[in-house]
Amino acid sequence: HELVATLKPGEDVDNVVLDAGWGERRDDLVVKMPKQDNLDMSKITVGTELMLANGLKCVVAEVGEEDFTIDANPPLAGGSYSANVKLVSVEEGPTKLLYRDDGSIDEEQTGQYDVATFALGCFWGGELEFMRVPGVVGTKVGYTQGEKEDPAYKEVCSGTTGHTEAIQIVFDPSAVSYEKLVHIAMDRLDDNKYLLNQVGNDRGTQYRHGIYYHTSEQREIARKILETFGEGCKTELEQATVFYDAEDYHQQYLLKGGQSAKKLCDTLIR
């Protein structure tokens with residue numbers, strides 16, 4: 001958060017109003033839809049949650065005689081909260097986020113943490129899965145392995161930029177191994193690992209699953225694990241390229257929606 005960047009270890013600030021992390025409400029995400037004969041209008045009631053073709057969730061905000069209004073704004077869009085903030089300590093995070101060549105001192109990771117990148121379909125659930133893992137100290141979602149610089153969500157959803165939705169993880173190798181993280185990723189994919197450009201109902205190259213290694217060691221660990229699933233496994237194994245952060249409202253999406261990110265939590269991720 002911008003506030004933390006202004007603090008020194010040991011400093012604190014009370015009663016700070018912070019943005020809830022979802023950005024402002026957008027009028028363009030509220031749309032009036034005409035009633036259609038192919039829709040069961042008895043199920044279209046205020047508060048009903050719908051899934052749009054582009055993967056966005058929305059709720060029915062209003063129902064009229066000839067139309068109904070849907071709202072795709074996140075529930076906490078425009079919200080804020082008051083908090084007391086104290087900066088306890090600062091630790092150096094990884095600075096090498098692309099592929100690192102072997103044997104080069106300049107390419108060695110700084111600090112005690114390392115980075116891993118996975119694509120597991122829609123990035124919301126996968127991020128929460130990794131947030132629950134002891135030894136994972138940071139996560140973010142975004143777009144990688146594509147051609148266009150700094151793409152927006154709508155562009156990635158079109159399937160024209162070459163990117164896939166992905167999760168980038170900062171982890172402590174002394175607490176959780178890269179091998180363990182790969183196994184968690186593949187367990188989450190389950191039988192989807194045998195589908196090309198598809199995870200569940202999400203289809204397209206933007207939902208292709210993959211492991212994007214940052215070192216030759218990560219490549220070999222991932223390769224050996226993928227080989228155990230046979231030739232039918234469609235999970236790609238590629239060198240990590242530039243990772244573009246997704247929009248703020250996508251970050252920790254399910255946590256903001258009320259699902260637990262507590263370490264070792266085993267409640268179902270919805």
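My entries below cover those topics in turn, and the model I am reading is a predicted one.

**Cysteines.** I looked for disulfides and the structure holds 0 of them. I then looked up accessibility. Cys-58 is buried at 1% relative accessibility. Cys-233 is buried too, with a relative accessible area of 14%.

**Second largest pocket.** I get about 500 Å³ of space in here. The elements giving two or more residues to its lining are helix 2 (123-131) and helix 4 (178-189). Helix 2 supplies the largest share, 4 residues. I count 23 lining residues in the record of this pocket, and Cys-122, Gly-125, Arg-188, Val-199 and Asp-202 lie nearest its centre. By class, I have 11 nonpolar, 7 polar and 5 charged residues in the lining.

**Positive phi.** Which way does phi go at Asp-150, positive or negative? I find it positive, about 50°, although Asp-150 is not a glycine. I placed Asp-150 in the loop between strand 8 (136-144) and helix 3 (153-157). At 52% relative accessibility, Asp-150 is exposed.

Asn-197 went into the notebook as well: not a glycine, yet its phi is positive at about 55°. I located Asn-197 in the loop between helix 4 and strand 10 (198-199). Asn-197 is partly exposed, with a relative accessible area of 25%.

Technical notes:
Residues numbered from 1 in each chain as written. Predicted model: local features only at pLDDT ≥ 70, side-chain atom pairs only at ≥ 80, totals over all residues. Heavy atoms only, no water. Disulfide = S-S within 2.5 Å. Buried < 20%, exposed > 50% of the residue type's maximum accessible area, 1.4 Å probe, protein only. 1 Å grid on protein atoms, 1.4 Å probe; cavity = no way out; pocket = protein on both sides within 12 Å on 5 of 7 lines; lining within 4 Å. Points joined across faces, edges and corners; volume = space filled by probe spheres on them. Nonpolar A, V, L, I, M, F, W, Y, C, P; charged D, E, K, R; others polar.
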